[in-house]
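Please work through each task with the sequence and the model at hand before reading its solution.

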Amino acid sequence: MAVFRPFKAVRPDERIVDKVAALPYDVMSSREAREMVKDNPHSFLHVDRAEIDLDPSVDIYDASVYARAAMNLEEMLADGTNIAEDKPVYYIYRQVMDGRAQAGIVGCASIDDYMNNVIRKHELTRADKEEDRIRHVDTCNANTGPIFLTFRDNGEIGRFTSDWMASHQPIYDFTSDDGITHTVWKVDEVDAENRLYRHFQDIPCFYIADGHHRSASAVRVGQMRREEHPDYDGTEEFNFFLSVLFPSDELRIYDYNRVVHDLNGLSEEEFLAGVRKKFDVKTCDGEDSIISPAMNHMEDSEGTGCAGKGILERYRPVKKHEFGMYLSGKWYRLTAKEGTFDANDPVSRLDVSILQENLLSPVLGIGDPRTDGRISFIGGIRGLNELVRKVDGGDAVAFAMYPTTIEDLMDIADAGAIMPPKSTWFEPKLRSGLFIHYLS
């Protein structure tokens, strides 16, 4: 039984919500964040990346950065940028990207559910990244960025969401600079809130889709507050953390592609010979090109499968255990040979595992992709053109992946296993600043 409860949100005034809402802090550098907030004093990046309001020489982990974040957050409430709800409510948050919608419920999940594995994880976290968000949450006394959760819907919550959106007016409705439409409804009727709460109690578990560092940090701050208040009864706000909960069948995972900076001292011929030990290799070059039955033309100059003759042929995998490879101006289709993975092991059968264990490690010498500086990861939202650009610009080889599925993610979490790094890329990203959950 999972707990997911309403909360007293602090949220932007609807007249400037489009200026406040910001991408998550961890999808950009400090330099990029500084550029994004030019001429926008309302951006929530002034809270989530508060170093942008300090001299660039200040270390991003300096205590002054967290203090500035807390000050900026309080100023947003004092100057009317944000307003405070007077009672706990749920919200429905819908995003529409390229005509495709996903709608989730905004509320607070339980740190006990996290610790007891009712909220299931699939990634390892890094101590330095956790420590950063622990300090941010603790100093701000608030969860400022929501955790992206998912669940297997029994139909009840999806029907509730659809009915509410159809019969109520939204409190926010805007389109961000990247073309994504964000619409928010407030669920502020007591009977509806109680019905939702009971529906959630029928859900056996939630899954972290994105936000492992933020959730781990929120839980740690909750534990710290329990230590400070040994008489706590479990109802205090620090026992819960801000989340958006989406039905799994509404989510889309993009590919998370790989670029390796060199061939590990191998010639191109030696490298290809190593690849052929575990993969069938086909070129995408005219007479030997592979045409996808689903698409035999270029889509946005990229396409699916290999494109036809006379243009730069690209290969985007069309099924599991296939890979596109770009090397020296040419695209290849790689297909994993029999025996390269264990079909009964939810981690072994992941394409990211197959590529790592049969090519990146044995051929290119990438032992630990978490720490090896010779490999970079490119979110599929940036397209195959970005892989071409990287290799044509000096990197050695790029690999286009077939996206990990949401069922893969949940199977691994159910097994208590860990996905390899950079296995999933979710789009659209949840905006920060739309909802703030204070811990006291």
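**Exercise 1. State how many aromatic pairs the structure holds, and classify the pair of F4 and F200.**

The structure holds 15 aromatic pairs, where rings of Phe, Tyr and Trp (its six-membered ring) pair if their centres lie within 6.5 Å, and planes under 30 degrees apart count as stacked, over 60 as edge-to-face and the rest as tilted. This is a predicted model, in which local features need pLDDT of at least 70 and side-chain atom pairs count only at pLDDT 80 or more, whereas totals for chains, interfaces and linings use all residues. Residues are numbered from 1 along each chain as its sequence is written, and side-chain values use heavy atoms, with hydrogens and water left out.

Step one is the geometry: the ring centres of F4 and F200 are 5.0 Å apart and the planes stand at 65°, so the pair is edge-to-face. Step two places the partners, F4 in strand β1 (residues 4–5) and F200 in helix α8 (residues 190–201), so that the pair links distant parts of the chain, 196 residues apart; helices (H or I, at least four residues) and strands (E, at least two) are DSSP runs, numbered from the N terminus. Step three is burial, meaning under 20% relative accessible area, with exposed over 50% and partly exposed in between (1.4 Å probe, protein chains only): F4 counts as buried at 1%, and F200 is buried at 0%. Finally, ring pairs link F4, Y90, F200 and F206 into a cluster.

**Exercise 2. Find the rings over which R5 and K121 lie.**

The criterion is that NZ of Lys or CZ of Arg is within 6 Å of the ring centre and within 35 degrees of the ring normal. The charged end of R5 sits over the ring of F240, 3.8 Å from its centre, while K121 lies over the face of Y114, at 4.1 Å from the ring centre.

**Exercise 3. Describe the largest cavity and its lining.**

A cavity is, on a 1 Å grid over the protein atoms alone, a set of points where a 1.4 Å probe fits but cannot get out, and lining residues have an atom within 4 Å of a point. Counting those of 30 Å³ or more gives three cavities, and about 110 Å³ of space lies in the largest cavity. Of the 14 residues that line the largest cavity, V137, N143, T144, G145 and R214 are the closest to its centre. Two or more lining residues come from each of α6 (127–140), α9 (212–228) and β12 (240–247).

**Exercise 4. Determine which residues of helix α12 are buried, and what they pack against.**

In helix α12 (residues 383–392), the buried residues are G383, L384, E386, L387, V388 and V391. Taking contact as heavy atoms within 4.5 Å, the buried residues of α12 pack against β14 (256–260), β16 (322–327), β17 (330–336), β18 (375–379) and β19 (397–400). Just after α12, G394 takes a positive phi of about 135°.

**Exercise 5. Characterise the surroundings of Y172.**

Y172 is found in strand β9 (residues 172–175) and is buried, with a relative accessible area of 1%. Once neighbours within four places in sequence are left aside, Y172 is in contact with R11, P12, E14, V17, H182, T183, V184 and L434. The C-alpha atoms of Y172 and D13 are separated by 9.2 Å, although these residues are 159 residues apart along the chain.

Key
On a 1 Å grid over the protein atoms alone, a cavity is a set of points where a 1.4 Å probe fits but cannot get out, and a pocket is an open set with protein on both sides within 12 Å along at least five of seven lines; lining residues have an atom within 4 Å of a point. Grid points are joined across faces, edges and corners, and a volume is the space filled by probe spheres set on the points.
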